[in-house]
Amino acid sequence: MKRQELLRVVRALQEQPTAPFHEDAVRDAIVGELRKCRHVRIEHDAYGNMIARYRRGTRSRARWAFAAHMDHPGWVRNKRGDWQFLGSVAERFLVNPRKQDFGNFAMWDLPAFAFKNGQIHSRACDDLLGCAEIICLFRELESAKANVHCLGIFSRAEEVGFWGAIQLARSKILPKDVTILSLETSAPRGGAEIGRGPIVRVGDRLSIFDSAATAEVMGAAAENGIPVQRCLLDGGSCEASAYQLYGYRSAAASIGLGNYHNCAPDGTIKCEYVSVDDYANMVRLCVALVNGASKRRDPLKALRSTLKKRVATYQPYFRPM
């Protein structure tokens, strides 16, 4: 997909206001984009989460589901009509905030979208970039007439503790044999850097993700020449932990994020930002995973083979004790 179209898709989402439990405008924009994909069908659960299904030319079960959330930290009015901030932001950033009111919720008063110096700047990159990546994945599969089957999950209220993902996992709507890849934007840690490719997360602050699933993500990147970084991003948590707790095989990949939750290092509130190259490479990685899923039934086979050869090499040195 051309860069101009990647930017158009993410801008279409970022121009919509959102906050936990107020994702209506983002949801409608996602539905509008997915209507352009002939082989995508959308389901809604009782909690407002969406499951999009791409299926063309195959009866096989979906092996991969790509998950992202539609909300971003913001203010919502409680039952008394008072403002309450929902999301993980230190109290010092909430003193005399400049916010834009959307009726029953509000966001930081920041630009919705800007593209400069190879970076996307927005009041809400987290996690509208992940939602855009799923849309672009489906668009790429549609354009290529790919005979594959995969799912996209768009959840609500992640910023208050995976509320939508937990409701979805508990409902058992998703097949238990699907592997869920959580797509996030996250503050880089452990040596990861913005602009050096998607970050394949071995875990987060709460848990370690499935080893075989993580190996398959790394294998897809290597096979297709996609630059990635492999790190433990333990500064926060993501939906992979939530799905894993409810019995789903899970992995995670993130785009490096500047000014996480709009909190800049200098103590001010600013736009979040990401590298457009990281965004494009994340879409490529998702496409590679889906297209090569049937070939990677045993992603740890290569590692076992390497270790087996090493054992054979040193077998002549063995002596009984």
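**Note on the predicted model**

1. Strand 4 (residues 74-77) pairs with strand 5 in the antiparallel sense over 4 bridges, where strands are DSSP runs of E of at least two residues, numbered from the N terminus, and two strands count as paired if DSSP finds at least two bridges between them. This is a predicted model, in which local features need pLDDT of at least 70 and side-chain atom pairs count only at pLDDT 80 or more, while totals for chains, interfaces and linings use all residues. Residues are numbered from 1 along each chain as its sequence is written, and side-chain values use heavy atoms, with hydrogens and water left out.

2. Strand 4 and strand 5 form a hairpin with 5 residues between them, and Gly81 in the turn has a positive phi of about 90°. Within strand 5, Trp83 is the bridge partner of Arg77. Strand 4 is also joined to strand 7 (residues 105-108) by 2 bridges in an antiparallel arrangement, with Trp75 standing opposite Ala106 of strand 7.

3. Strand 12 (residues 199-203) is mostly covered, 5 of its 5 residues being buried (buried means under 20% relative accessible area, exposed over 50%, and partly exposed in between, with a 1.4 Å probe and protein chains only). Strand 12 runs parallel to strand 13 (residues 229-232), to which 4 bridges join it, and Ile199 stands opposite Gln229 in strand 13.

4. In helix 2 (residues 24-34), a DSSP run of H or I of at least four residues, the buried residues are Val26, Ala29, Ile30, Val31, Glu33 and Leu34. They pack against helix 1 (3-14), strand 1 (40-44), strand 2 (50-55), helix 3 (128-143) and strand 10 (149-155).

5. The largest nonpolar core has 61 residues, and Ile30, Phe66, Phe138 and Tyr279 have the most contacts inside it; such a core is a set of buried Ala, Val, Leu, Ile, Met, Phe, Trp, Tyr and Cys residues joined through side-chain atoms within 4.5 Å. Leaving aside neighbours within four places in sequence, Ile30 is in contact with Leu13, Met50, Met70, Cys131, Ile135 and Phe154, contact meaning heavy atoms within 4.5 Å. Another core, of 16 residues, lies apart from the largest one and has Ile51, Leu168, Leu174 and Tyr248 among its members.

6. Glu91 sits in the loop between strand 5 (83-86) and strand 6 (99-101), and Glu91 is exposed because its relative accessible area is 62%. Its C-alpha atom and that of Lys116, 25 residues apart along the chain, are separated by 30 Å.
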